[in-house]
Amino acid sequence: MKRETHKSRLLSAVHETAQDLHKLAIIDKRRMREYDFLCFEPVSAYSADQIRALRERYRLSQAVMAAVLNTSLSTIQKWEIGDKHPAGPSLKLLSILDRKGLEALR
């Protein structure tokens with residue numbers, strides 16, 4: 001089982017209870033996803049230097065990283081100089097790339 005990070009011990013207990021109720025079919029899949037969303041830590045922000053280091057770790061050009069993350073080259077460039085910051089799906093994809101590697105995004 002993967003390691004899960006909760007906001008607090010209380011939320012960890014709530015989530016564990018919800019998982020048990022889901023296994024017993026008392027909570028449906030949709031409600032369980034809501035508990036997942038509410039109980040887990042949000043994705044951390046990435047600085048310009050962290051984004052550049054992540055790209056360099058996988059030896060990707062800015063253009064290739066843009067394609068992998070389904071964004072534009074100019075967006076990657078702006079992230080790396082600090083003019084813009086990734087959010088939403090882009091931030092989640094960066095986190096997946098960072099934690100699980102390039103294979104997870106194929």
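Where is N70 found? N70 sits in the loop between α4 and α5, and the points below walk from there through the rest of the structure.

1. Before you start. This is a predicted model, in which local features need pLDDT of at least 70 and side-chain atom pairs count only at pLDDT 80 or more, while totals for chains, interfaces and linings use all residues. Residues are numbered from 1 along each chain as its sequence is written, and side-chain values use heavy atoms, with hydrogens and water left out. Helices (DSSP runs of H or I, at least four residues) and strands (E, at least two) are numbered from the N terminus.

2. N70 has a positive phi of about 55° although it is not a glycine. With 71% relative accessibility, N70 counts as exposed (exposed means over 50% relative accessible area, buried under 20% and partly exposed in between, with a 1.4 Å probe and protein chains only). Now look at R59, in the loop between α3 and α4 (62-68). R59, which is not a glycine, also has a positive phi of about 55°, and its relative accessible area of 78% makes R59 exposed.

3. The first helix pair. Two packed helices are described by the angle between their axes and the distance between the axes. Here, axes are lines fitted to C-alpha atoms, for helices over the stretch in contact, and angles run from 0 to 180 degrees between N-to-C directions. Helix α1 (residues 9-23) and helix α2 (residues 29-39) pack at about 165°, their axes 10 Å apart. The two are therefore roughly antiparallel (the word applies over 145 degrees; under 35 is roughly parallel, 65 to 115 roughly perpendicular and the rest oblique). Their crossing is left-handed, meaning that the near helix is turned anticlockwise from the far one by less than a right angle, whereas clockwise would be right-handed.

4. What joins α1 to α2. From α1 come L11, V14, H15, A18, Q19 and H22, and from α2 come K29, M32, Y35, D36, L38 and C39; contact means heavy atoms within 4.5 Å. By class, this contact has seven nonpolar, three polar and two charged residues. In that count, Ala, Val, Leu, Ile, Met, Phe, Trp, Tyr, Cys and Pro are nonpolar, Asp, Glu, Lys and Arg are charged, and the others, Gly among them, are polar.

5. α3 against α5. How do the axes of helix α3 (residues 48-57) and helix α5 (residues 73-81) cross, and within what distance do they come? They cross at roughly 125° and come within 6 Å. That makes α3 oblique to α5. On the α3 side the contact uses A48, I51, R52 and R55, and on the α5 side W79, E80 and I81. Four of these residues are nonpolar, none polar and three charged.

6. R55, in helix α3, is buried, with a relative accessible area of 12%. Beyond its neighbours within four places in sequence, R55 is in contact with L60, S61, Q62, M65 and E80. R55 and M65 are 10 residues apart in sequence, with their C-alpha atoms 6.8 Å apart. E80 lies in helix α5 and, at 5% relative accessibility, is buried. Not counting residues up to four places away in sequence, E80 touches A48, I51, R52, R55 and Q62.

7. α3 against α6. The axes of α3 and α6 come within 11 Å and cross at roughly 50°, so the two helices are oblique to each other. α3 passes α6 in a left-handed crossing. I51, L54 and R57 of α3 meet L94, L97 and D98 of α6, a contact with four nonpolar, no polar and two charged residues.

8. The nonpolar core. In soluble globular proteins, nonpolar side chains tend to be buried together. A nonpolar core is a set of buried Ala, Val, Leu, Ile, Met, Phe, Trp, Tyr and Cys residues joined through side-chain atoms within 4.5 Å. The largest one here has 13 residues, of which I51, M65, L69, I76, W79 and L94 touch the most other members. α3, α4, α5 and α6 each give two or more residues to this core, and α6 gives the most, with three.

9. A87 lies between α5 and α6 (88-100) and is exposed, with a relative accessible area of 52%. A87 and V43 are 44 residues apart along the chain, and their C-alpha atoms are separated by 9.3 Å.
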